[in-house]
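I want to go pair by pair and check how exposed the partners are.

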Amino acid sequence: MSSGKSSLMNTLLGRQVFEVVDGAGGLQNTTKGIDIFRSDDRIYLDCEGTFNDEGDKNKSMQMAAFVCVFSDTVLILVRREECGLDNSTYDKFVMPLFFNKLLKETQKREEYDPENLPGEESQKIKVVVVVKDLKRSIMNNETELEKIRGKVKERLEKEWESAVNILKSIDPGLTRRNLEDEFDLRVEFVEFNGEDKYERTEGISSIIANDPKSTTVLQRLAESENYAAANILGDIDAAKRELDSKKQEFQKKLESIDLLDSELEDEIEEAYRDRIQSLFCDLLYKPFERIKDDFISKAINFRWEYMRIDIKYYRFKINLCELLGTWFKKFKIGIVDRRKEEFETEMNQELNRLRFLDGSQEKLIDMIRQKIKFKMNNFSAEFTSKLSSQKIKDLAWYSFDLVTLALPGFGAATKTIPKLVSGLALSGRRAWKISRVFIGIGIHSISRIFNSGSLHLSPERQVEELEIELEVLLKEINGAKESKAVYEIDERLRGSLSTFDLENFLVPQENNQ
């Protein structure tokens, strides 16, 4: 039995392009797979029908995936009664079409735009449900046709909900989208004249005539083939298992990345590219995008809290070097140990107030504690061995004219405190993705990443508080005669510091008077 698709396409083209065979039982199905015809800078696809109950469902799903990505307009030829059938063109072709469109729009990567220029919106696909085999009396009754339109759209909504629920079962983080936001839906009615042609096709011809002419045919073709080959809808349970496995593997791989790594973004992308990336994962990309965002959120929060403790640690160093002004003959080791214990108590009290909400609280707090203790022990040992046995010079020898802030890689070029604070975040591909400026000096906002699950306070409040803390610390450093002693010890230990240690941002200016 023939569905009449090839005849409809020939009618619209005005010539016999796609083959039909008139046998003893009427017109016969002749299309296997997809027949392609190009005319007037347009490409027409005639797809194998889904009317055969015993047909290969996977083949229908793959065709739907291909057509969804490749086409600007999709004509779906149905009989009126199919609206109420469970095993019909709607569930065998329309639902997979909707699923793959939803998959494409919700899972696609965002391209990096360094100037943050808005990209072009995706073109809506026109879905034209063409209803055939109606009686002449119904074809001439607009009220009856409107009822049929309503029934068709109800069925389309049902298939859309089915597609949404299936994809949401794979990716629970899916943001719900409306059918009419993704598709331009039309319902047309045609009448077969018995001479291998359809009548009343003017509405369909008008829709096709208004299609844009694509300049990316080869790109579309490659992408369409990928969606058809993946055929995620073909085995949903297998897709869930594979996705869960890949997500766990990716999360485990990210655990080995240092949260203070200056190349954090590149390390994350490399972990995905080298260990995870595949056609399947690229089509179901958003779960991996969320894992990346969560990890970066954790890294930013960690850096933020690390610098807050680092500011307190810098005060400990100044206070320790104040002892130099009180000893002129003998250095008392016990006092240093006591100062260290006092600082550790203060640090632990501060760390116990932190709240990381991603389940790694104890690990992250301990990482901060161990990194600061490592620096403190190195500084104390250097302080004791190099300075305790020396007679103390005039404290003016330790003074600076000014201490300013500089970002690593910029030498002594002075930078503002807001830029130092923003340096705790990111400035590359993912910072672009997060949003736009909010500090007001041309850097990217970190508000979305902060709000992704790992922070209590608003980013604006965090920025303000940390900037104030840094301003107060700078005043204390510039007012302390011991600052130079701190700096000289830090210089000896610079090789053991990480990129985000405060010592790397402080640049003293010598007093030349």
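Looked up Glu249 first: it is partly exposed, at 27% relative accessibility (buried means under 20% relative accessible area, exposed over 50%, partly exposed in between, with a 1.4 Å probe and protein chains only). Its side chain meets that of Lys246 in a salt bridge, 4.0 Å from N to O. My cut-off for a salt bridge is a side-chain nitrogen of Lys or Arg within 4 Å of a carboxyl oxygen of Asp or Glu. Both residues sit in helix H9 (236–254), 3 residues apart, about one turn of the helix. Helices here are DSSP runs of H or I with at least four residues, numbered from the N terminus.

Note on the source: this is a predicted model, where local features need pLDDT of at least 70 and side-chain atom pairs count only at pLDDT 80 or more, while totals for chains, interfaces and linings use all residues. Residues are numbered from 1 along each chain as its sequence is written, and side-chain values use heavy atoms, with hydrogens and water left out.

Next I went to helix H5 (142–170), where Arg149 and Glu146 lie 3 residues apart. Their closest N and O atoms are 3.1 Å apart, a salt bridge. Glu146 is partly exposed at 46%.

Then I checked Arg176 with Glu161, a salt bridge at 3.1 Å, N to O. This one links distant parts of the chain: Arg176 is in the loop between H5 and helix H6 (179–182), Glu161 in H5, 15 residues apart. I get 45% relative accessibility for Arg176, partly exposed, and 34% for Glu161, also partly exposed.

Last, I found a network of salt bridges linking Asp310, Lys317, Lys375, Asp490, Asp501 and Glu503. My total is 33 salt bridges.

How values were computed:
Helices (H or I, at least four residues) and strands (E, at least two) are DSSP runs, numbered from the N terminus.
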